[in-house]
Amino acid sequence: MDFSYRCTVCNASYEITSDRMVCPVCSRHQEKDQPLTGVLEVELHGTLDTHFNVFDMLPVEPEYFPSIPVGNTPLWEPENIRRSMGFGRLFIKDDGLNPTASFKDRASFLVSAAAKKFNIQDITLASTGNAGSSMAGVGAAAGQRVTLFLPKTAPLAKLVQALQYGATVYRVNGNYDMAYDMSLEFSRLKGGINRNTAYNPLTIEGKKTVSLELVNQLGQAPDVVFVSVGDGCILSGLYKGFRDLKELGRIDSIPKIIGVQAETSDAISRAFISGKFENIPTSTVADSICVDVPRNGIHALAQLKQFNGEMMTVTDTQIIQAQAYLSSSTGLFTEPAGAAAFAGFQKAAPGLDPESVIVLLATGNGLKDSSSATLGIQVPETLIDSVEEIL
Ligand SMILES: *Cc1c(COP(=O)(O)O)cnc(C)c1O
């Protein structure tokens, strides 16, 4: 198999090199704090053996990947929810069981391998929290230096994780968009590889591995996938995996993908209806999908339109209720952004075929943000001194 980059806007081809990020032609029209124009995608040239593995479909050879077990996450069959909601073929893919406890490890894994291959030691990024702690952890396994720009609102656990893994962390006095711009400036001045989501094409390519695993685990493509959406890279990664499998003759059709956003951070949902992106300040309890400017918005929207996908929104209250319901009925504790996908499924359920194969992506572990999780439960306030008191 051979690999190259292709611009998702103008179709121009480029060689895969360490400094090729967005399309040099289309990105000339890039405005500040707007979705990226000219996002690149990896193009595959060749065929697959009958028995192939995920690495055969990735543009970096297996020997460059660090020894940290990313991916191959379990696919849950949630009996109680299947029964109570009447969907016998409902599955949950638990990506909170990745090494750093979020889906982001899939992207970090490929970026780290590429850096190794190109002989580059430094990796820089901005993150709402998970991408940063992920790159820090995967980079630690690879012996790479990771520099992270975190917005001041990042949950403590994600900051602590990144520091534990030995990253250099700069806490930005502002939001993710400000951290994003600073990380690009830092990379420009200091060199190394930038892992900003969508800006580095390997982030989307790494995330496609979830689709390859799903098809392996199910023995077929799912009918519907629910995924929470911030920048829109997981959504595009999902599509990329299914599209590659279809082009290589392994599946017949592209699943319906339903992107779920918080009502108060819904840039891609709004653009799905209006066709244009407006930069409106956002806030939601689901910090991982709290994004004013969805960096991969243009590319994500194009995929949704082409493959008959949908966007929907849920309230913060629905997210918090969904989180506690999921935890208490399955034993799967996911962070609010992960629970958003479940909240979307609950809301959409009346319109879904109960016979269809439905997958919910649980994108991060619940312990990542325990303070948000306290909103959906009653923490006992009184302390007891004896068992008699409670009998
Ligand atoms: C990053 C993230 C998302 C959203 O992914 P995007 O690519 O930004 O759309 C969802 N859930 C969790 C837990 C995340 O960390």
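Helix H5 (176-190) and strand E9 (193-194) each contribute at least two residues to the lining of the largest pocket, and H5 gives the most, with six residues. Helices (H or I, at least four residues) and strands (E, at least two) are DSSP runs, numbered from the N terminus. The model described here is predicted, so local features need pLDDT of at least 70 and side-chain atom pairs count only at pLDDT 80 or more, while totals for chains, interfaces and linings use all residues. Residues are numbered from 1 along each chain as its sequence is written, and side-chain values use heavy atoms, with hydrogens and water left out.

On a 1 Å grid over the protein atoms alone, a pocket is an open set of points where a 1.4 Å probe fits, with protein on both sides within 12 Å along at least five of seven lines, and its lining residues have an atom within 4 Å of a point. A volume is the space filled by probe spheres set on the points, which are joined across faces, edges and corners.

| Pocket | Volume | Residues nearest the centre |
|---|---|---|
| Largest pocket | about 520 Å³ | Met21, Val22, Leu184, Arg188 and Tyr199 |
| Second largest pocket | about 250 Å³ | Pro151, Thr153, Asn175, Tyr176 and Cys290 |

The lining of the largest pocket divides into eight nonpolar, seven polar and nine charged residues, whereas that of the second largest pocket divides into six nonpolar, five polar and four charged. In this division Ala, Val, Leu, Ile, Met, Phe, Trp, Tyr, Cys and Pro count as nonpolar, Asp, Glu, Lys and Arg as charged, and the others, Gly among them, as polar.

Strand E9 also takes part in strand pairing, for which DSSP must find at least two bridges between two strands. Two bridges join E9 to strand E6, and these strands run parallel, with Ile123 standing opposite Ile193 in E9. Five bridges join E6 to strand E7 (residues 145-151), again in parallel, and the partner of Asp122 in E7 is Arg145. Because four of the five residues of E6 (residues 122-126) are buried (under 20% relative accessible area, with a 1.4 Å probe and protein chains only), E6 is largely enclosed by the rest of the structure.

E6, helix H3 (residues 130-142) and E7 make a right-handed β-α-β unit, right-handed meaning that, with the strands pointing away from the viewer, the path from the first strand over the helix to the second runs clockwise. H3 is mostly covered, with 11 of its 13 residues buried, including Asn130, Met135 and Ala142.

Key
Buried < 20%, exposed > 50% of the residue type's maximum accessible area, 1.4 Å probe, protein only.
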